[in-house]
Amino acid sequence: MISVKQLYKDIGSFCRLLDEHQLKRSAVCLVKIFTSCLSQDNAVSVAKAIRDILPNAYIVGSTAAGIIFEGRQYEDETMVLVEKYEHLNIRVRQFSWKEKSARSLAEEVHRSFRNANNETVHILFSDRYYDVNNFVNEISALSPKIRLAGGIAGDLLASDTPGFVFTDEGVPSCTALAFSVTGEEAVCFIDVNTAQEPISPIFTVTGTDGCLIKTIEGEPADQWMYRYLALEDMRSFGDWKSIADNDHLIRFQMILEGHGTAGRFTRYDEQAKSLALYFSQIEPGTKFRIGYTNPSKCVRDCYALCQNIMEQPVECVFVYTCLFRKLYMSNSSKWELLPFKEYNVCGIFMMGEIGFIDGRNEFFNGSCLVTGIAESKRYLMPDISVLDEFTQIEDDMATMEFAMVRQKEAMSDESRNLITELKNQRLKTERHMYVDARLGLSNVLKYKEDRKRQKFNKLCMMQMENDDMLISFAGLDAYLDNTLEILEKIQAFLVQEHYDRHISFYCVTQSIFFLTGTEALSKTHFEQIMREIYEDFHFYKSSTLGLSQMARFVVVMQQKDMLQGGLNALQATKDIQSRFVVCDEKSSLTLTYAEELRVIELLNYAIYNDGVVPYYQGIRDNHSGQIHYYEALMRLIGADGEVNCPMVFLAIAQKYRLYSTLSHMMIERVLRDFANRQESVSINISAYDVNSKDFVNWFFRRLGEFPNPDRITVEFVESEDFRESEEFMVFVKRLRQAGCRISVDDFGTGYSSLEEVIRLEPDYIKVDGSIICGLKDKPKNMILLKTIIFLARQLGLNTIAEFVENEETQALLEQNGLDYSQGYLFSEPNPLGALPDFSRVYELRSRI
């Protein structure tokens with residue numbers, strides 16, 4: 001898929017844009033033109049000029065009440081977007097809605113797009129089409145597979161011109177312009193951020209006339225509104241700025257029951273002396289609550305939307321948002337799209353939006369609708385950390401001040417009750433902001449606050465894997481009840497075992513949760529606790545609801561941003577068959593393009609700014625109690641001074657053939673650091689190094705300059721196939737000739753085997769960490785450890801245990817005669833400057 005876009009100035013700059021992206025003029029593509037400033041004639045002229053350049057293009061156009069281009073908001077621009085697909089088909093249709101019922105129009109659209117298979121049909125209505133709500137309901141009734149996005153074309157605000165749609169052939173009046181992208185490989189995304197919070201009991205509209213609301217609960221609507229909101233001086237306003245500044249009615253919305261949180265803005269029609277809806281109409285019998293636009297809920301919804309978009313491929317994002325959102329929260333379109341800054345998101349402001357939420361199409365006022373399309377497996381990774389600064393955002397103070405004034409003026413019990421509820425809502429804001437309303441679990445915003453007071457260095461993601469199936473089969477409420485049952489039992493377990501002092505539990509979405517561990521808890525202990533939870537809940541059948549729920553768990557440690565690292569790990573491990581995955585510093589994760597670019601920048605900075613540095617972890621001699629042997633672990637220092645583990649950069653370094661460069665720089669630093677020290681040091685060498693003649697020649701030349709090469713141990717980190725190659729055996733022979741020692745990693749699991757040990761005759765064998773971590777609770781691990789120690793003694797080899805993090809494990813290792821211990825109990829990885837000047841005895845110290 002090729003996507004190009006620009007703020008259109010002239011046809012010459014447009015042609016240069018196509019040439020820069022090597023887009024052929026004969027390409028079959030979709031061209032979308034959105035303008036907030038062009039007249040009808042000028043809009044058609046632009047479309048015709050583009051048709052001359054791209055004769056095979058499908059061209060659609062619409063006005064907008066504002067433009068969002070690459071994340072920035074513009075009032076008087078024209079935006080052109082061109083999308084060329086490799087395997088997908090483009091379909092464009094026009095439908096006249098003049099003198100047609102909503103049902104009739106819906107049937108026409110359904111006939112044209114009835115073969116849609118959960119693909120998105122974008123539809124743009126001209127001339128303030130008022131029956132859009134009924135049209136959307138009819139489409140949902142005709143076909144649940146047609147997912148709509150779009151809405152009512154935005155007015156040209158400067159000239160007060162009603163919105164219109166257009167193509168290169170002209171400006172059809174009273175028209176719905178629809179387009180879709182179809183194909184077996186098409187993946188479409190739709191999600192909505194409404195930010196609207198209900199605050200009243202349920203009421204019923206009892207009388208309507210078109211867009212007019214005549215009666216509510218059998219009472220004239222204007223009188224009813226006065227009783228509940230004490231709005232006495234209701235009047236009409238002539239322009240949008242006056243409406244934003246002076247019309248109290250837009251502070252409160254009608255939140256329709258049974259329609260998610262879809263809301264409607266109302267106005268006062270002086271001529272009809274009645275309430276009226278903007279650009280839509282509803283039927284008598286419609287139930288609603290009074291609500292208001294809550295910025296703190298907007299932030300919460302942003303977090304949820306970001307997580308949802310990471311769960312499926314998306315190559316191109318487009319936003320339909322509402323003029324009311326710009327009027328009511330003037331900067332919302334700016335900050336709520338900040339997580340997508342890397343992706344240069346574009347969009348338009350409309351007079352009302354159509355989107356897909358909770359399994360059905362809905363018409364909205366005041367929402368932000370995010371859509372996406374992909375034909376390849378490219379995943380976005382929004383940067384949710386940019387929302388941190390909004391965790392303290394307060395509800396709209398103008399609404400609150402308005403409520404305080406109205407309370408003094410209120411003449412009825414109803415208005416006092418409603419405004420009291422609004423005040424209570426204000427007092428509850430902090431709790432609502434930090435707790436998921438349906439599941440009662442602390443949310444991401446609460447996690448952001450908690451991490452300011454305590455340091456989390458361990459995290460376990462928990463994702464419900466069959467949530468879509470359960471929701472489709474049993475309904476959303478049943479799924480949430482079942483999930484709540486699991487969450488409550490996990491929380492009860494943490495409290496019962498007193499783990500809740502060091503482990504916190506949070507909710508990202510209704511299907512993704514995470515547990516965090518503080519520094520007071522060792523990595524081994526945290527992993528053991530997570531495995532206990534996994535054993536009880538990775539496959540859970542409710543005894544009350546009878547639903548079976550499946551979950552997978554991903555553990556991450558020592559990340560710069562623990563939550564972002566956990567989300568990355570969850571995405572990167574989605575195709576791994578294991579449902580309990582531990583991502584330690586040896587793990588490399590598959591990253592999104594945006595993350596990949598950030599890693600490339602890190603690599604570039606580190607290579608050219610001496611940022612490839614070794615961190616040394618001590619290996620304790622269990623016979624003498626001293627540390628006189630270290631393992632060198634690679635770290636990259638970025639421009640921000642952060643220290644990055646291999647988990648962050650290893651896969652990208654290998655992908656772009658930079659690993660040998662890093663390895664060369666790393667080993668050079670290690671040899672310099674230890675040239676005048678008395679301790680021994682272990683370095684890691686991979687297939688990338690051994691297969692590089694330049695590296696091999698440099699390495700052995702450098703070894704010849706190093707005093708006492710017998711203080712150098714080489715540990716190989718690669719697959720079994722590599723270790724059996726001829727190049728590998730030649731390299732090992734040369735190491736022996738140079739006087740170096742050899743260590744075999746992951747013994748007991750992984751790639752290392754007894755046959756390999758006999759063939760290589762190493763000096764050390766490292767017992768795999770998974771064996772060490774389970775010594776206390778898994779008898780088979782102890783049997784395996786004793787067997788390894790026995791074999792090592794028979795072969796005259798030294799044994800090293802990895803991941804030693806507590807006294808109990810160390811005591812077991814010493815009792816069984818294991819030679820060396822490596823882990824956080826004795827030594828964290830540290831830079832050279834933090835190492836002692838001489839060997840010294842390290843006393844056991846607990847890290848629990």
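Asn361 belongs to strand E25, which covers residues 360-364; strands (E, at least two residues) and helices (H or I, at least four) are DSSP runs, numbered from the N terminus. This is a predicted model, in which local features need pLDDT of at least 70 and side-chain atom pairs count only at pLDDT 80 or more, while totals for chains, interfaces and linings use all residues. Residues are numbered from 1 along each chain as its sequence is written, and side-chain values use heavy atoms, with hydrogens and water left out.

With a relative accessible area of 1%, Asn361 is buried, a term that means under 20% relative accessible area, against over 50% for exposed and in between for partly exposed (1.4 Å probe, protein chains only). Leaving aside residues up to four places away in sequence, Asn361 touches Val136, Ile139, Ser140, Ile146, Arg147, Leu148, Gly355 and Phe356, where contact means heavy atoms within 4.5 Å. A polar atom of the Asn361 side chain lies 2.8 Å from the backbone nitrogen of Leu148.

## Helix H21

Helix H21 (residues 693-705) has 13 residues, which at 1.5 Å a residue should span 18 Å, and its end C-alpha atoms are 19 Å apart, which agrees; the expected span is 1.5 Å times one less than the number of residues.

In H21, the residues Phe695, Val696, Trp698, Phe699, Phe700, Arg702 and Leu703 are buried. The buried residues of this helix pack against several elements, among them helix H19 (659-674), strand E36 (680-685) and helix H23 (726-738).

## The protein as a whole

The secondary structure comprises 27 helices and 41 strands, and 59% of the 848 residues count as buried.

How values were computed
A polar contact is a pair of N or O atoms within 3.5 Å; within protein, one must be able to donate a hydrogen and the other to accept it, and residues adjacent in sequence count only if both atoms are side-chain atoms.
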